[in-house]
Amino acid sequence: MIDFGYSLTSSSRISLDNINQKKLKKITAVEPDFLKCMACGSCAASCSAGNFTKVNLRMVILLLNRGMEKEAIALIEGCMLCGKCTLVCPRGINTRNLIINILKIYKEV
Amino acid sequence: MPATLFKTFKDIIADCLIHVQIFKKNILLGYMHFSIAFGWFMLILVGHIEVMIYTPQRNGVLYYPVFFRYFVMETHETLRGSFFFFLMDLSLLLVLTGIGLAIYKRFHSRILGMRRTTKLRLGDKIALYSLWAIFPLRLLAESFTANISGGSFLTISINHLLNAFVTNPDHILPVWWGYSWALGLFLFALPFSRYMHIPTEILLIVLRNAGIKSSVSRDGYAESEIYSCSRCGICIDACPMTSKKRNIKFSSVYFIRLLRRRSTESLATADKCLMCNKCVDACPVGIDSTRLKLLKRQEMHVRSRTDYEYLQSIENKIDATDSVLYYAGCMTHLTPAIYKSLFKILKSANIKYTFLDIDGSICCGRPLFMSGDKESAKELINKNRELIRSSGCKTLILSCPICYKFFKEEYKLDGIDIVHHSVYINNLLTSGNIKLHKGIGSFVFHDPCELGRGSGIYNEPRELLSAIGIVKEASQEKNLSICCGGSLGSLTLSFSEREQIAKSSLNSLLTNNPDKLITACPLCLKSFSTYNTIPTRDIAQIVSENLI
C-alpha cells in the first residue's frame with residue numbers, strides 16, 4: 001500500500017442493535033450491581049492482572065452496554081479474581097461475582 | 001494401626017455416648033445429650049443382660065429385651081435381680097431428665113447456651129415427638145406391671161402411688177401399646193429425620209480416623225458427613241452472617257439439609273458462605289461443611305473460562321539466594337503501609353530481603369480456588385512456584401494470611417520455610433534482633449480467619465503485642481473470632497451484608513475499650529478501617545512504630 005502519510009482510523013461507531021438484551025438481562029438478574037457502575041475506574045487502577053495485561057472491568061461494563069461482547073471478553077478473561085476491585089469500588093459493587101457471571105454468560109467454552 | 005483403632009474406639013465413646021464436645025460448649029446442653037444417649041444405651045445394654053441371665057432361651061430375640069417386663073409378667077417368672085432393676089430405673093431416670101431438658105429447650109433454648117435452633121421439618125417433628133413420648137410411656141408401662149414383674153425405686157413407687165388404677169389389668173395393655181407405638185414410630189421416622197446422625201456418626205468417626213477425605217460433595221465420606229449432621233443448630237449461632245437474624249437460611253446446617261435432599265438450591269447457599277470456618281470449629285460432630293461447600297462450587301464450575309497466556313511472558317529474574325524472599329500478594333499491595341513497615345523492621349534487624357512482586361503480584365490463586373475454579377488456580381500456582389523456586393530463597397515471608405494458608409497447603413514448596421510476618425517478627429524479637437519500646441497503650445488483636453482457624457496461629461501475634469503494650473481480650477476471640485466481613489470466600493454476599501458483619505465483629509472486638517485494633521491481615525485491615533471508631537493497624541505497622 002502506498003504511504004500517503006496518513007491512515008484511516010477504524011470506525012468507532014456504536015450500534016446499539018448489537019446488544020444481546022437477553023444476556024444483558026440475565027447478567028443484571030444474577031448481579032444487579034451491574035447497573036450501579038459509574039465508570040470511575042478504581043477497579044482498573046487497582047487491578048493485579050492489569051499490571052501484566054489489559055484487564056479492565058470498567059471498560060468491560062462499558063463495552064457490554066455497547067454490545068461489543070468480543071472486545072469485552074478479551075479484557076476480562078485474564079482476571080485472577082483476587083478481589084482488590086471489590087475493596088476499592090466506591091459503589092460497593094460485588095465485582096467478583098459480576099466477573100464470574102460475565103464470563104459464564106458471555107464466554108462460550 | 002492399633003493406635004488408630006484405639007483412637008476410633010475412644011472417639012466413639014467420647015462423641016457418641018458421652019458427648020464431650022457438647023459438654024465443652026455448655027454443661028446443660030452436654031448433659032441433655034449425654035443423659036439421653038448414655039441412658040438409652042444403658043437401658044439397651046442392661047435389658048440384654050437381663051434377658052441373658054433370666055430367660056436365656058429368649059436370648060437373641062430382638063424385641064424381647066425391649067418389652068422384657070411385659071413378657072416376663074406374662075410368663076409369671078419371679079425375678080430377684082434388684083441390682084439390675086435399680087440400674088434400669090436409674091438409666092430411665094437419667095433419660096427422663098434429659099427429655100425434660102429437651103422439652104424445656106424447645107421453649108427457652110438460651111438457658112442451654114443456644115440463641116437459635118434449627119427449624120424442624122415434618123420428619124424431624126414426628127421423630128422428635130415420638131422420642132419425647134417413648135420414655136415417659138416406658139416408665140408408665142413398667143410401673144403398671146411393677147407389682148407383677150418387679151421394679152425398683154421409680155417404677156415401684158409409681159405403682160404404689162396409683163395402686164387402685166394400676167392394678168386393673170385393663171389399664172395395663174394400652175400403656176404398653178402406647179410405648180410400643182412410640183418406639184415403632186421413632187424408628188420408622190429415623191431415616192427421614194435428623195436422628196439419622198445416631199447410627200451415621202459412628203461410621204463417620206471410623207472413616208475420618210481412617211484418613212478418608214471426600215473429593216465430591218456426594219461421595220461416601222461426604223454422604224456420611226451429611227447424614228451425621230444432627231441439625232443441632234450450633235453453627236447458626238456461630239455463623240457471622242446471622243448476626244442480625246438475616247441470612248439464617250444460609251448457615252451450614254441448612255446447606256447440609258439441602259445437600260441431603262439433593263436440592264439445586266444448595267449451590268446458592270454454598271456461594272454465599274464466607275468460608276471463615278467458624279461453623280466447622282463449632283460443630284460438635286466435626287463435619288467439614290466448608291469443604292463440602294467448596295466441593296459443591298467445584299462441581300458446578302465445569303470449565304475454566306479464564307485465559308492466563310500472559311503469565312508466560314513474565315520473566316523469572318528475581319534472585320534471593322542470600323536473602324529472605326518477601327511476597328506481598330494482591331491485598332498487601334492495596335495496603336502498602338504494611339510492607340513498608342515490615343521492611344523498616346527487617347532493616348533494623350539487619351536482614352537482607354528481596355521483594356518478589358515489587359512490580360505487581362500474580363495472585364496466589366486462593367480466591368480463584370475458593371470460587372471453585374481449581375484448574376485456573378493451578379496455573380497461577382505453577383507460575384508463582386516457578387518464580388519462587390528460581391529465586392533460590394530459603395525463607396519466604398508473607399503478609400497476607402490468605403496467601404499464607406494457600407502457600408502452605410497447595411504450593412508444595414519443600415525446603416522453603418514459609419512464615420507469616422507476625423511470626424517472623426516475633427522470632428526476631430525473641431532472638432533479640434529487634435528491641436521494642438513498651439508503652440501503656442492497649443490493643444485488641446483480631447484473629448484473621450485464615451491465620452487463626454485456618455493455620456492455627458493464635459499466640460505469636462499476642463506475644464509480640466504484649467511486648468509493646470497491654471493486650472485486651474475481645475468478647476469472641478481466637479478460634480471464636482468473627483470474620484471481618486471482607487472474606488473472599490463468599491461470592492454473592494453484598495456490600496451491605498458485609499458491612500453488617502464488619503460492624504458486629506467490631507462490636508465484639510471493642511468490648512474492653514482498647515486504644516487500637518490490631519490485625520495481621522491486609523484484607524481485615526481494609527475492611528475494618530472503614531467502620532472502626534478507633535485506629536486500625538497491622539501488626540507490622542505497630543511494631544515499626546515502637547522500634548528502639
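A salt bridge is counted where a side-chain nitrogen of Lys or Arg lies within 4 Å of a carboxyl oxygen of Asp or Glu, and the structure holds 20 salt bridges over all chains. This is a predicted model, in which local features need pLDDT of at least 70 and side-chain atom pairs count only at pLDDT 80 or more, while totals for chains, interfaces and linings use all residues. Residues are numbered from 1 along each chain as its sequence is written, chains are lettered from A in the order in which they are written, and side-chain values use heavy atoms, with hydrogens and water left out.

**Interface of chain B and chain A**
- In contact (heavy atoms within 4.5 Å) are 29 residues of chain B and 25 residues of chain A.
- Between chain B and chain A the count of salt bridges is zero.

**Salt bridges within chain B**
- R297(B) and D271(B) join their side chains in a salt bridge at 3.6 Å, N to O, and both R297(B) and D271(B) are buried (buried means under 20% relative accessible area, exposed over 50%, and partly exposed in between, with a 1.4 Å probe and protein chains only).
- E450(B) and R366(B) also meet through their side chains in a salt bridge, at 2.7 Å, N to O, and E450(B) and R366(B) are both buried.
- In the salt bridge of E545(B) with R537(B), the closest N and O atoms are 3.6 Å apart; E545(B) counts as partly exposed at 45% relative accessibility, and R537(B) counts as partly exposed at 26%.
- R218(B), E223(B) and R262(B) are joined into one network by salt bridges that share partners.
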